[in-house]
Amino acid sequence: MAFAIERQAITKWLQKLLESGEVIAPVRGPCGDILFSTIHSPEKVEWNFQNPLHPPKQFVLPQTDPIVKIKRNGERHEVAPTYDDTRRFLFNVRSCDAKGIAFLTRMYEMEPADASYLRRANNLTIISLACNIPCPLGFCVCTDSGPFLRDSYDVQLTDLGESYLVEVGSEKGETALSGVPNLFHPATEDEVSQRKRLEIEAKNHFEQETCHFASAMRRISTGRVQDALWEKMSDSCLECGGCNMVCPTCYCFSVKDLGRVGAWVRCRMWDSCQYAAFTLEASGHNPRAHRKERMKRRFFHKVSAQYYQRDGMVGCVGCGRCIKVCLGATNMPAVVGAIRKGKWNE
Amino acid sequence: MSAVPSTCPFCSCGCGFYLLTNNGQLVGVAPSETHPVSSGRLCARGWSAHEAALWGDRLRQPLLRQNGKPESVSWDEALDHIAGRLKALIDAGKPVGVLGSPRATNEENYLAGKLARAGLQTNNVDFSYHSICGPLFAGLEEVCGEHTPTTSLNDIASSQTILLIEGNLAETHPRAASSVMKAVEKGAHLVTIGYRITQMARLSSLHLQTTPGNEREAINGLLAAILDLRRQDRTSVAVRGEGYEALWRDVKSVKRTEELRQAAEWIARAERATFLLACTGGQGDQPQKDAAAFATLAAITGHLDRPGSGLLPLLARSNVRGACDMGVIPERLPGYDPLDDERARQRLQDLWGKKLPSDHGWGAENLLQSVSGLIVVADDPPSVVRMGRRAMAAMGRIEFLVVLDAFVTPTVRIAHAVLPIANFAETEGTLTNMEGRVQRLRTATNPPGEARIGWQVLAELCARFDVGNSYTSATDVLCEIAQAAPRYAGIEQRLSEGGWGGALLKDSDNAKFVVHPTGATGAAALAFAGRPHVLACDGAFDWGRDPLVLFSPTLSRDYQSERKFFPNGFVEMCERDVDALNLGGQRHVRLTSVHGDAVVPIRVRTDLKPGVLSVPYAFRDHVASVLGSDSVTAVNVEPP
Ligand code: SF4
Ligand code: SF4
């Protein structure tokens, strides 16, 4: 069932959310960048913005995440997991990012389930804002993760001008709307059809785009990408790891203990499969010592049929962040395009 | 979660990012699309910048070594003790000195310099200047009258031709490499000069593979080919400048290959060309001459001062440029003015209210071996100077060694007095990148324990030597810097304008170039019958031993693993050379040079040509007896 809320009433709703938990929204910082940040008042929220380069996955999977406390107690060690039970609302998150968080949650739910991650995710309510005008570098239509969502949100907002259409996708979404009953009214037929029209218009923005995923997937899954091509492409990678850091679906991490006199905190940290020692073994052997092998692995994980079958989607939500962040030139569309054509930059 | 805009503390590209904190603790880094240098991109080091600050082995209390053991003391006790000991040494006529650091801010370096010259009355003040940029700057100054860059990182991307003396740009300056890649993608011609086939060399249109120490052969070849072009076609090839007849005499007999002719065309006919220069290796003043010849190449083709064109010296660490500008070099005062420049001396004497010493000071390596009292600010000399661990032995003989640092380093472990200071994420201050862009560090979190802000500690030491000033903020220090180094005038105001607010230093107006003869080709005579191979020390800096990398779990994994597997270091050589040695399964070789010999493990590489051996800067200690004080030397290689 869809609702609608008047534009002016949003403030009151946000006020209510602020009373019930931490609200995170895109905010313009002093240097002009939009960053997802904790807000303390509703006016801070940006409504017309390009999706921030730094993704909101940090609110389910922080770059540095304390997961276990270890304390020395005489001869023994006490070990206690740490959980973050803060109730959070992720407000005005874009469709691709909502889809990304759903992807991460599927990974961390797999056995053995990751309690630390899941506690955070379960406490997070995702209130997404559909993209009436898709961002210039995005290609979410190719990955089925936008510009409007069918799933993966708790609440989806669509800007209808005077009002917002409010779609509820889960119990958490229902809860987010509760307590302020007179702010929301059942959506009129007109409002619902406006939303449909906007979705079609948004999709039409992608007209020129060609989607290479299917043909690239065939080649990658069957090992038909020449080694020489990987080698050539990997010379255009500077191993910065940025692609992994900003990728809404990248979830690899490493762990390291942070020592504090007599007590330690085991932290998980974002890691990058593009770093040389990512797969380094204690013996000194490194199964992916060369950049081209690491790059090949990354794209196999993202785009192969094998993983598509397991995950139900490619490991990409089309946000286009890797295009902006790539210090080299080997972002997702560039590599996928090159694989389809069988050549790089010629 | 809060986001504090700051500047990357690693290389001198000067990328910007947000330091993310949660409840006052650093938790990560977020890129910035609005930053003028990095525009949303960072390299691996930048992405992990918060880690060392978090994981680092930190100093929390002032320590004084008493009865051979470091004991915590109060700040006043430590500072008084340090001042007392240093005064006693000076009174006894013993030499003292100060080492600044490219890991320290401008404010810290400036006060370190002031403490040395005005406070301790000595010009014994330096950082790893000589190994990192000294020859480079000297060469540029010879030709351009200035050591400063004439182009920016962003301009590289729109160049049509890029000439790169390759020290492994992708590793040393990823942000610069990124711009080169962008240009190449748009069809630019990249010409690389170097002895190794690096990543950038593979991306190039043309790689001029040299012998280590003999880069000048390629540069002279290019000079000759360009002068040929001019002789053929006076009108369309811009060759300018006085004195190139002498240049012609020097290079006319150099052999021109088809490749050199092609590269010369690309350079001479490009509207926008970038010249990227890393420190080369070699004996004596050869690296300086290489830099001069390279600058000449840019100068005579008109690319030195044309909009969109220019030369960029590649400086290894974040604040090399700043340390130079602050005068943390024995023969240069703040503003990079020569020590004997009377006007500059007067300016500083007026500002500091002290007469300045005029005796020449020692450079870092001599200083380490000669002083009785030494203050080291935020650096670990054995890791950074070329003499490597011999610096450790030298420091062990110093009567009174004081270290200011945020991290525990080998130098800290042997110091007599240790003052804990804030790291880059805990302090206010500025860094000057290789382009001359002055950018802010901002406080994202508090220093641990009793650690204090570095510039405040140095200001207190200055006060104890009667050159104090009542600074209330880092900005106050920056305002004084503007008086000491005129190029920094107005910077403070521009930095306060909000946003990223980096400010480029003004170009000085005396940048006119002089064409010099380049001298005969460098090291052609280096290798000879008894020693047919050449051993080169690769690079000018080792990130692996920098605390910012060493203490970062993510970064140290990449940088440290080789060290674990090769505790005795290694030299690299090509397969053909290894086969020719008939080592019979042995993985070691004996190297002999005029200086001495050493037995070292080998590693086979595909990016070296026969006859060339290379040792990473990190492993220079293991061949110190072979290299002597050279960075390139002829060797004989045999089974151990
Ligand atoms: S962002 Fe680009 S340069 Fe960086 S690791 Fe990924 S592919 Fe390589
Ligand atoms: S390129 Fe240099 S300045 Fe930029 S993020 Fe990397 S180390 Fe930092």
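**View 1. Confidence of the predicted model.** Chain B has an average pLDDT of 93, and 96% of its residues score at least 70. The coordinates shown come from a predicted model, and for the complex the predictor reports an ipTM of 0.97 together with a pTM of 0.96. Where pLDDT is low, predicted coordinates should not be read in detail.

**View 2. Extent of the contact between chain A and chain B.** Chain A contributes 48 residues to the contact, and chain B contributes 45 residues. The size of an interface is often expressed as the accessible area lost when the parts come together. Between chain A and chain B, about 3,700 Å² is buried. Carbon and sulfur atoms account for 57% of this area.

**View 3. Salt bridges and polar contacts between the chains.** Three salt bridges are counted between chain A and chain B. One of them joins the side chains of B:R557 and A:D271, with an N to O distance of 2.6 Å. Across the interface, 22 residue pairs are in polar contact, with both residues at pLDDT 80 or more.

**View 4. The side of chain A that touches chain B.** In chain A, at least two residues of this side are supplied by each of the strands β3 (34-39), β11 (253-260) and β12 (263-270) and by each of the helices α9 (242-246) and α12 (321-325). The element that gives the most is β11(A), with five residues. By residue class, the side of chain A that touches chain B comprises 24 nonpolar, 14 polar and ten charged residues.

Methods: Residues are numbered from 1 along each chain as its sequence is written. Chains are lettered from A and ligands numbered from 1 in the order in which they are written. Side-chain values use heavy atoms; hydrogens and water are left out. pLDDT is the predictor's confidence in each residue, from 0 to 100. Contact means heavy atoms within 4.5 Å. Buried area is the accessible area (1.4 Å probe) that two parts lose on being put together, summed over both. A salt bridge is a side-chain nitrogen of Lys or Arg within 4 Å of a carboxyl oxygen of Asp or Glu. A polar contact is a pair of N or O atoms within 3.5 Å; within protein, one must be able to donate a hydrogen and the other to accept it, and residues adjacent in sequence count only if both atoms are side-chain atoms. Helices (H or I, at least four residues) and strands (E, at least two) are DSSP runs, numbered from the N terminus. Ala, Val, Leu, Ile, Met, Phe, Trp, Tyr, Cys and Pro count as nonpolar, Asp, Glu, Lys and Arg as charged, and the others, Gly among them, as polar.
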